[in-house]
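Please open the model in a viewer and keep the selection tool at hand.

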Amino acid sequence: MEGSEGTMRPERLFVAFVILYFSAALVGKIVYSSFLGGIKPLPLVYALTFLLLLFAGLKIEIRVSSWIFFAAGTVLLVVLGWPYLLGGLAALALLKFLMDNNALERGVAPAVVVSIALVIIASVLGGVPLLNPSLRFTWVRYLYLAAGYITVGAVAAKPSLIPFIVGEGIAVAGTSRTIGVGVAVAYLMGVLYRSAKTKRPYLRKVLPIVALLLLIVFLARYSATVRGYSVWKLGFLGSLLYRPASSYTVYERLFQMGMPLGRHRLLFMDNPTYYVGRLFGKEIGYTYTLIGEPAYDFGIFGLLEALLIGTLLRKASKNPFTGAFALTVGTLMLDIGVEGTFLATLFYLAYLSRGEGDESER
């Protein structure tokens with residue numbers, strides 16, 4: 001923090017989230033060591049090295065043409081499959097058009113309307129996961145997620161209270177912590193960018209409502225978990241600590257499987273969390289933290305991915321919209337893990353930022 005909350009850089013808030021998440025994961029490993037196992041030394045060393053390189057990537061200025069980011073993101077989507085390629089290019093074209101014409105904020109209201117429409121369709125045709133937790137494992141989940149991610153983009157484009165509240169409402173109805181956190185982080189990042197521009201401290205004013213709505217989202221998810229799993233014995237606070245600890249435990253297993261040179265699979269799959277779940281003999285998705293995919297896919301060379309992600313976040317951060325969006329994606333990856341779609345998104349956001357330091361723009 002530099003002086004006050006009003007001059008805090010968004011990248012520093014992301015670093016705080018990184019430290020908070022992995023600290024909670026390690027504490028959780030200690031608290032629940034009886035069934036998650038103790039902290040393993042080699043994965044811990046790898047994780048700490050990865051995080052240091054990630055922070056280095058956020059600090060080091062690397063001059064590279066934006067078209068390299070575009071090409072890398074497109075190649076990754078080609079590997080994932082043509083539906084991802086077409087969807088990614090369509091989203092990129094729309095965002096580029098809006099940014100080139102200074103029309104991002106005008107697209108916020110239509111985006112929120114589309115999100116609400118998707119939720120209405122899901123509720124009428126399928127139901128509401130908050131009322132029926134089993135719906136979280138059906139097609140209904142995807143409409144709620146789509147609505148939520150659209151709202152994340154809208155909030156990143158314009159950190160206004162109404163889109164933020166709508167996004168958190170979608171998260172509550174869908175019992176999605178991912179959407180709840182995503183909307184909240186996008187809002188906070190956007191507020192910090194606005195503070196940097198106006199030199200006025202907004203963060204302190206919005207923190208209470210952000211904390212309150214996030215608490216409601218997490219309580220909604222906890223309620224769904226308790227009703228969905230009759231054997232669930234952890235309390236609300238215990239559940240919050242258990243989640244990062246269990247994801248970190250999955251990372252430790254992936255580390256053992258991927259060393260020394262990696263297996264080159266997760267990044268190139270369209271549903272990597274379910275693949276990881278099957279590695280553990282389960283038919284559900286397993287989250288694996290930001291470090292799980294690099295360790296499993298590339299082994300010791302996965303440490304280079306930390307520099308790449310840090311570089312992409314730094315480049316995207318040169319523009320308020322792409323910065324807020326990219327740092328939100330980076331925050332979500334802390335627990336979910338790196339997926340091909342997430343990394344392609346970071347490549348495209350770095351391309352769209354067109355900030356200073358890009359040789360092709362000089």
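Begin by selecting Ala 56, which is partly exposed, with a relative accessible area of 23%. Ala 56 belongs to helix H3, which covers residues 41-59. Please bear in mind throughout that the model is predicted.

**The whole chain**

Which secondary-structure elements does the protein contain, helices or strands? There are 16 helices and zero strands. The radius of gyration is 20 Å, close to the 21 Å that the globule rule gives for 362 residues, so the protein is as compact as a globular protein of that length. Along the principal axes, the C-alpha trace spans about 55 × 50 × 45 Å.

Of the 362 residues, 52% count as buried. If contacts are drawn between residues at least 6 apart in sequence, 76% of them join residues at least 24 apart. Colouring by charge brings up 32 positive and 19 negative charges, whose mean positions are 7 Å apart.

**Aromatic rings**

Next, show the side chains of Phe, Tyr and Trp. The structure holds 16 aromatic pairs. A pair of aromatic rings is described by the distance of the centres and the angle of the planes.

Is Tyr 32 buried or exposed? With a relative accessibility of 10%, Tyr 32 counts as buried.

Move to Trp 67 and Phe 70. Here the ring centres are 5.6 Å apart and the planes stand at 80°, so this pair is edge-to-face; the cut-off for that class is an angle over 60 degrees. Both residues lie in helix H4 (residues 66-80), and because they are three residues apart there, about one helical turn separates them. Trp 67 counts as partly exposed at 47% relative accessibility, and Phe 70 is partly exposed at 25%.

Then select Tyr 46, Tyr 248, Tyr 251 and Phe 255 together. Ring pairs link these four residues into a cluster.

**Helix H11**

Finally, select residues 236-258, which form helix H11. Phe 236 is located in this helix. Leaving aside residues up to four places away in sequence, what does Phe 236 touch? Its contacts are Leu 215, Phe 218, Leu 219 and Tyr 222. A C-alpha to C-alpha distance from Phe 236 to Val 226 reads 9.7 Å, for a separation of 10 residues in sequence.

Ser 239 also lies in helix H11. Ser 239 is buried, with a relative accessible area of 10%. With residues up to four places away in sequence again left out, Ser 239 touches Tyr 222, Trp 232 and Leu 234. Keep Tyr 222 displayed as the last stop: this residue is touched by Phe 236 and by Ser 239.

Note on methods:
Residues are numbered from 1 along each chain as its sequence is written. This is a predicted model: local features need pLDDT of at least 70, side-chain atom pairs count only at pLDDT 80 or more; totals for chains, interfaces and linings use all residues. Side-chain values use heavy atoms; hydrogens and water are left out. Helices (H or I, at least four residues) and strands (E, at least two) are DSSP runs, numbered from the N terminus. The radius of gyration is taken over C-alpha atoms; the globule rule is 2.2 Å times the number of residues to the power 0.38. Buried means under 20% relative accessible area, exposed over 50%, partly exposed in between (1.4 Å probe, protein chains only). Contact means heavy atoms within 4.5 Å. Lys and Arg count as positive and Asp and Glu as negative; His and the chain ends are not counted. The place of a charge is taken as NZ of Lys, CZ of Arg, CG of Asp or CD of Glu. Rings of Phe, Tyr and Trp (its six-membered ring) pair if their centres lie within 6.5 Å; planes under 30 degrees apart count as stacked, over 60 as edge-to-face and the rest as tilted.
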